[in-house]
Amino acid sequence: MPTPKNTKPSSRKPLLYGAVIVVAAGLLGFASYKATAPGGSSADTATGPVAEVSADSQQGVHPELAKLARRDADDKLAAGRADAPVVLIEYADFKCGYCGKFARDTEPELIKEYVEDGTLRIEWRNFPIFGEESENAARGAWAAGQQDRFWEFHAAAYAEGAKEKGFGKDRVKALAEEAGVKDLARFMKDLDGEAARAAVARDQEQGYGIGATSTPSFLINGRPIAGAQPKETFTQAIETAAEQAKTTAEGSSGTAGTTGDSAK
């Protein structure tokens, strides 16, 4: 597995959301390594193990991790309703081959099946772990988002063969133009601005904080999933989370009704 070039172990400790999260972070870090470790000479062509999603809606779910969903209606790097019952948080790097595979093969189907009907919200977290070009692409994605072209930039950067061309400043600018970013001068200014650097750093620290050590890593309503797993893994996790959210909402509604009746 390629070694992240900008990792600083001394500052990459799991965030202490509680003892259970330290355990979950360790599991995600191990699973993330196993899911992206190369089976041969190339991490981009390796096949990781299939993540297991239990039929038990609570197994493997950590409520503290679910709280990392921002649910900000103004989030430029998110798709779907802010009040969707299920939130998938994706920690990814534009130089990651597995991330590209997920972006091209799986994510569009999840958007069509679950985002468009209001079940799912996808929140992107920039998690650049492979050096300067990863950082360039991450800040470029954020800058494109400021002009409402994040998902178009995302598609261009993850197109077949895109990462092989690198993510130098000129290449990132070309991707922005391909994505339909109108004000390229503003884009380049935003790309190198403090706001972009701070936003990327915040996402990156959150990823390291939950124990992610490679990309892509995901949280689905607090359930960690590592690697570009088959679509069925995500489908099962999303549907399980949606059913649990529905059950919880119905239970809360029933409790409120009972409380109201008893108060009369």
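Colleague: What makes strand E2 (residues 86-92) count as mostly covered?

Modeller: In this predicted model, seven of the seven residues of strand E2 are buried; the label buried requires a relative accessible area under 20%, so each of these residues falls below that cut-off.

Colleague: Which residues of E2 point one way, and which the other way?

Modeller: Val86, Leu88, Glu90 and Ala92 point one way, while Val87, Ile89 and Tyr91 point the other way, and all of them are buried. In a regular strand the side chains alternate between the two faces of the sheet.

Colleague: Why is E2 said to pair with strand E3 (residues 120-126)?

Modeller: Pairing calls for at least two bridges between two strands, and seven bridges join E2 to E3, so the two count as paired, and they run parallel. Within this pairing, Glu123 in E3 is the bridge partner of Ile89. The chain passes from E2 through helix H3 (residues 97-115) to E3, and this β-α-β crossover is right-handed.

Colleague: How do you know that E2 also pairs with strand E4 (residues 217-220)?

Modeller: Four bridges join E2 to E4, and because at least two are required, this counts as a pairing as well, here with the strands running antiparallel. Phe218 in E4 stands opposite Glu90.

Colleague: What percentage of contacts in the chain, between residues at least 6 apart in sequence, join residues at least 24 apart?

Modeller: The value is 79%, where a contact means heavy atoms within 4.5 Å. As for burial in the chain, 47% of its 264 residues count as buried.

Note on methods:
Residues are numbered from 1 along each chain as its sequence is written. This is a predicted model: local features need pLDDT of at least 70, side-chain atom pairs count only at pLDDT 80 or more; totals for chains, interfaces and linings use all residues. Side-chain values use heavy atoms; hydrogens and water are left out. Buried means under 20% relative accessible area, exposed over 50%, partly exposed in between (1.4 Å probe, protein chains only). A crossover is right-handed if, with the strands pointing away from the viewer, the path from the first strand over the helix to the second runs clockwise.
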